[in-house]
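Take a look at the model below.

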Amino acid sequence: MSMSQNLERKLREAFAPQELTIQDDSARHEGHAGARPGGETHYRVRIVSDRFVGLSRVERQRAVYAVLGAEFEAGLHALQMQTLTPEEAK
Amino acid sequence: MTDNPVFDRIRQDITENDVVVFMKGTPVFPQCGFSAVVVQVMSHLGVKFKGINVLEDPGLRQGIKDFSNWPTIPQLYVKGEFVGGCDIIREMYQSGELTDLLSTRGIEVRPAA
């Protein structure tokens, strides 16, 4: 399973998002620290979920990081995140 | 966790300095685009900060991630409190929340004209 598919599966399971977009930015970071030949290192995600209601920015991103521990160990290096509640995404 | 000697060093850094950025590279030569964004934001706000280059110390590079419970660099601390990484700092800067937070904590902010 590719990193993108893994991210999608884990994020859907954890946050039941109303909206989820995952973009692979690895090519833009080629040659930078953390990049590697196969790519799959740098991603950008936008998650709209009611699970974020009442959580601070730090708490939301920590929650995302918490479900992706295995992916970080497997080479995921950077994750740009937009974590919004349905209300904020309107 | 608590007996990690790196944690003592981190505690000292964030206690002795009001604003600390754990980053890759230095404020003058950031070695990562995300670290560079945080440096730019702080410069725009005219905030004095201490940049700590985690690339110089593998123990610190992992240690700060464990200390903050945050798996990526950069990381901003204000008055000993973890504020966030690149995305959060950028969002808070754009919304004005970062200026508010710094001012509330007694940090001098002099936005560039």
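Which residue of chain B forms a salt bridge with A:Arg57? The partner is B:Glu97, and the closest N and O atoms are 2.9 Å apart. A salt bridge here is a side-chain nitrogen of Lys or Arg within 4 Å of a carboxyl oxygen of Asp or Glu. Two salt bridges are counted between chain B and chain A.

This is a predicted model, in which local features need pLDDT of at least 70 and side-chain atom pairs count only at pLDDT 80 or more, while totals for chains, interfaces and linings use all residues. Residues are numbered from 1 along each chain as its sequence is written, chains are lettered from A and ligands numbered from 1 in the order in which they are written, and side-chain values use heavy atoms, with hydrogens and water left out.

Now the interface. In chain B, 18 residues are in contact with 14 residues of chain A (heavy atoms within 4.5 Å). The two chains bury about 1,400 Å² between them, 56% of it on carbon and sulfur atoms. Buried area is the accessible area (1.4 Å probe) that two parts lose on being put together, summed over both. On the chain B side, B:Phe34, B:Trp70 and B:Asp87 lose the most area to chain A, together 34% of what that side buries.

Which elements supply the chain B side? α3, β4 (81–84) and α4 (86–95) of chain B each give at least two residues. The largest share, six residues, comes from α4(B). Helices (H or I, at least four residues) and strands (E, at least two) are DSSP runs, numbered from the N terminus.

B:Trp70 leads on to the rings. Its ring and that of A:Tyr65 have their centres 5.0 Å apart and their planes at 85°, so the pair is edge-to-face. Rings of Phe, Tyr and Trp (its six-membered ring) pair if their centres lie within 6.5 Å; planes under 30 degrees apart count as stacked, over 60 as edge-to-face and the rest as tilted. Why does the pair join two chains? A:Tyr65 lies in helix α2 (residues 57–67) of chain A and B:Trp70 in the loop between α3 (58–68) and β3 (75–78) of chain B, so the pair joins two chains.

Both A:Tyr65 and B:Trp70 are buried. Buried means under 20% relative accessible area, exposed over 50%, partly exposed in between (1.4 Å probe, protein chains only). For A:Tyr65 the value is 8%. Ring pairs link A:Tyr65 and B:Trp70 into a cluster with other rings, including A:Phe72 and B:Phe67.
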